[in-house]
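Trainee: Can we go through the charged contacts in this one? I have it open.

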Amino acid sequence: MTFEPQIPKWGLSEFQQHKEKLLNYHDWLYTTGIKTGLISKKTKQFIWDEFIVHSLYFHHLIKKNNFKSNEIYDLGTGGGIPGVPISIVNKRKVNLIDNKKTRIYELQRLIKTLNLENAFPREEDANSTLKNLENTIVVMRCYVSTLNILKIMEKYELEKRNVLFLVSSSSENRKELKSLFHVKPEKFLINKNNFRTIDVITDM
């Protein structure tokens with residue numbers, strides 16, 4: 001199967017400016033990422049569309065909505081998704097949070113290879129991180145669902161601390177979420193035919 005590093009119109013500018021590092025990260029996921037178990041075995045095209053392009057839309061939303069924060073937290077980052085692509089195209093500090101020492105070790109090696117000065121892998125439990133956040137942006141691709149994040153926000157009173165969440169979403173619970181004014185689903189193309197959704201969760 002032929003690999004095509006395509007990008008929809010919304011991401012062309014960032015792709016053209018940072019093409020080399022994005023492709024290097026893609027290659028790392030396909031080799032080291034699979035070999036070390038950071039991601040399961042996938043095709044090169046799947047990794048590009050679902051991990052690289054999908055991740056870049058988090059950055060697109062941050063820029064589009066002019067969210068103010070000096071830091072971004074990627075909770076449950078795993079192989080650096082979506083945090084590493086965000087750090088490649090964005091100048092803010094990106095904290096890559098994961099509770100597995102082996103994942104953090106591989107990410108530290110990756111950060112040196114890519115020469116990313118704004119990405120910081122941290123071995124930390126995401127729940128502990130959430131308790132102390134304020135005035136920041138949190139991104140998550142697979143860590144928890146939007147509904148669970150809403151419960152966590154209420155539990156830790158994060159709605160009073162100006163924490164913005166961007167969470168990859170599925171069709172599950174979409175009807176339930178539709179009635180919540182502070183959850184805005186952003187639907188976007190990851191390639192010519194397939195759409196994905198990221199929920200933007202603002203103060204309740």
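Mentor: We will take the salt bridges one at a time. This is a predicted model, where local features need pLDDT of at least 70, side-chain atom pairs count only at pLDDT 80 or more, and totals for chains, interfaces and linings use all residues. Residues are numbered from 1 along each chain as its sequence is written, and side-chain values use heavy atoms, with hydrogens and water left out.

Trainee: How many salt bridges does a search of the whole structure find?
Mentor: The search gives 11. A salt bridge here is a side-chain nitrogen of Lys or Arg within 4 Å of a carboxyl oxygen of Asp or Glu.

Trainee: Which residue does K63 meet in a salt bridge?
Mentor: E14, at 2.4 Å from N to O. K63 sits in helix α2 (residues 44-64) and E14 in helix α1 (residues 12-35), 49 residues apart, so the pair links distant parts of the chain. Helices are DSSP runs (H or I, at least four residues), numbered from the N terminus.

Trainee: Is E14 buried or exposed?
Mentor: Buried, because its relative accessibility is 10%. K63 is partly exposed at 46%. Buried means under 20% relative accessible area, exposed over 50%, partly exposed in between (1.4 Å probe, protein chains only).

Trainee: What about D98, what does it form a salt bridge with?
Mentor: R103, with the closest N and O atoms 3.0 Å apart. D98 is buried at 3%, and R103 is partly exposed at 29%.

Trainee: And how far apart are the closest N and O atoms of K184 and E186?
Mentor: 3.3 Å, in a salt bridge. K184 is partly exposed at 45%, whereas E186 is buried at 7%.

Trainee: Which residues are linked in a network?
Mentor: Salt bridges connect E50, R141 and R196 in a network.

Terms used:
Helices (H or I, at least four residues) and strands (E, at least two) are DSSP runs, numbered from the N terminus.
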